[in-house]
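Dear colleague,

Please find below the structure that I am handing over to you. A summary of the findings follows it.

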Amino acid sequence: MSAGAKSRPGRGVVGAHVKSDDPLKWAGDTGAEAVQFFLTDPQAWKAPEEHPQAQAIRASGLTVYIHAPYRINVATTNNRIRIPSRKLLAQHATGAKQIGAAAIIVHGGHLNDNDDPSVGVENWRKAMAYAENDGGFAVPVLLENTAGGTNAMARHFDRLARLWDAVGDFGLGFCLDTCHAHAGGEDLVGIVDRVQAITGRIDLLHANNSRDSFDSGADRHAPIESGEIDPALIVEVCRAAASDVIVETPGETQAADVAYLRKSI
């Protein structure tokens, strides 16, 4: 948390997904009490190197979250993606620990349209079991719900429930994304209760509006006050979750979005 910033009772800090080149500057520019960023190009299969600002980030007092690369898909039936995904997730978790991050966020992944969903569930279970046998991940791993895909592991909550039954006991955490839920076809009204009935927890909230309509499957974030979701509903979800909040909205609106949520929650 930045100097002088205080979270209100019943909520965590409010922050933003920022550029990785200078997260401390971006935090100052957006008024963020927390930052989230990638350690490498999110589309690359690359282990992170030590961040050049690692010492300053650790000393800053900011709450830090790391987002895992988009390439990671531990559910897939493709061995050439699944096995490297497990390794890459562990490498980025180690990189997250080196800068004092609270957790690393990873998408639930997906299968090919004709694959049996139970295979994806089992692949997730194996990934967590392998990691546990190796001493566990260096920081907590937060599974995030996703917006699209007809055979995704964490788009619809009935599928999420099947997955959580297999992996919840491994200490996995959960990150709820409001845009992803809306675009994925999950109603935001009462969503915190529905998620907690499945996972027992919400460790982080990605508060984003959506450029696209309900159940569109499109992962297109919009500023909090201009999108297809009523901003008051996003605030309601933030209040109910009572977790740290990260906005992943367009960079030019992040300062306004952070200020809006800090005032409203």
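**Aromatic pairs and overall form**

Searching the whole structure gives two aromatic pairs (rings of Phe, Tyr and Trp, the last by its six-membered ring, with centres within 6.5 Å; planes under 30 degrees apart are stacked, over 60 edge-to-face, the rest tilted). Phenylalanine 38 and tyrosine 70 are edge-to-face, 5.2 Å centre to centre with 75° between the planes. Phenylalanine 38 sits in the loop between strand S2 (34–37) and helix H2 (54–59), and tyrosine 70 in the loop between strand S3 (63–67) and helix H3 (79–98), so the pair ties together parts 32 residues apart in sequence. Phenylalanine 38 counts as buried because its relative accessibility is 11%, whereas tyrosine 70, at 41%, counts as partly exposed (buried is under 20% relative accessible area, exposed over 50%, partly exposed in between, with a 1.4 Å probe and protein chains only).

Tryptophan 164 and phenylalanine 174 are also edge-to-face, at 6.1 Å centre to centre and 85° between the planes. Tryptophan 164 belongs to helix H5 (residues 157–167) and phenylalanine 174 to strand S6 (residues 173–177). Both tryptophan 164 and phenylalanine 174 are buried.

The model is predicted: local features need pLDDT of at least 70 and side-chain atom pairs pLDDT 80 or more, while totals for chains, interfaces and linings use all residues. Residues are numbered from 1 along each chain as its sequence is written, and side-chain values use heavy atoms, without hydrogens or water.

The chain has nine helices and 10 strands (DSSP runs numbered from the N terminus: H or I of at least four residues, E of at least two). Of its 265 residues, 54% count as buried.

Yours sincerely
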